[in-house]
Amino acid sequence: MIAKKLVKMLEESSKAYEVVEHKTVYTAFDAAQTMKVKLNQIAKSLLVKTNKPLKHGDKPYAIAIVPADKNMDLKKLAKAMT
């Protein structure tokens, strides 16, 4: 089940998305195997702490969405967020 707060955020973003239900898994690799798709066809989300709040009153965290077959360069991400 997807969190209501996440659904609200996705709807407010006006970005296209699709919710795909699957059994509970703990890695992107396992999710891809469960859904019988290639690893590069799904994404993983990473919770990252920022140096400052993104909006007034928000907590200093952001979600980065990355293709499941890629790794996040945290130094480049930190530079891009400043």
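Modeller: The accessible surface of the protein comes to about 7,500 Å², and 56% of that area belongs to carbon and sulfur atoms. Please bear in mind that the model is predicted.

Colleague: How do you know what confidence the protein has on average?

Modeller: The mean pLDDT is 85, and 93% of the residues score at least 70, on a scale that runs from 0 to 100.

Colleague: What makes up the fold, read along the sequence?

Modeller: The protein has three helices and two strands, and their order is α-α-β-β-α. Its C-alpha trace spans about 40 × 30 × 20 Å along the principal axes.

Colleague: How much of the protein counts as buried?

Modeller: Of the 82 residues, 15% count as buried, the cut-off being under 20% relative accessible area. Helix α1 illustrates this, for one of its 10 residues is buried and the helix is hardly covered. Just after α1, S14 takes a positive phi of about 60 degrees.

Colleague: Why is V20 called partly exposed?

Modeller: The relative accessibility of V20 is 45%. Buried would require under 20% and exposed over 50%. The value for V20 lies in between, and therefore V20 counts as partly exposed. This residue is found in the loop between α1 and α2. The C-alpha atoms of V20 and N71 are separated by 22 Å, the two residues being 51 apart along the chain.

Colleague: Where do I find V20 in relation to the largest pocket?

Modeller: The largest pocket is lined by 28 residues, and V20 is one of those nearest its centre, together with I2, L6, E18 and A43. About 1,200 Å³ of space lies in this pocket.

Colleague: How do you know that empty space is left there at all?

Modeller: A probe the size of a water molecule is rolled over the atoms, and this shows where space remains empty.

Colleague: What makes a lining residue nonpolar, polar or charged, and how does the lining divide?

Modeller: The class follows from the residue type: Val and Leu, for example, count as nonpolar, and Glu as charged. On that basis the lining has 18 nonpolar, five polar and five charged residues.

Colleague: Which helices and strands supply at least two residues of the lining?

Modeller: They are α1 (4-13), α2 (28-35), β1 (43-49) and β2 (61-67). Helix α1 gives the most, with four residues.

Definitions and conventions. Residues numbered from 1 in each chain as written. Predicted model: local features only at pLDDT ≥ 70, side-chain atom pairs only at ≥ 80, totals over all residues. Heavy atoms only, no water. 1 Å grid on protein atoms, 1.4 Å probe; cavity = no way out; pocket = protein on both sides within 12 Å on 5 of 7 lines; lining within 4 Å. Points joined across faces, edges and corners; volume = space filled by probe spheres on them. Buried < 20%, exposed > 50% of the residue type's maximum accessible area, 1.4 Å probe, protein only. Areas by Shrake-Rupley, 256 points an atom, 1.4 Å probe, with all protein chains shown as cover. pLDDT = per-residue confidence, 0-100.
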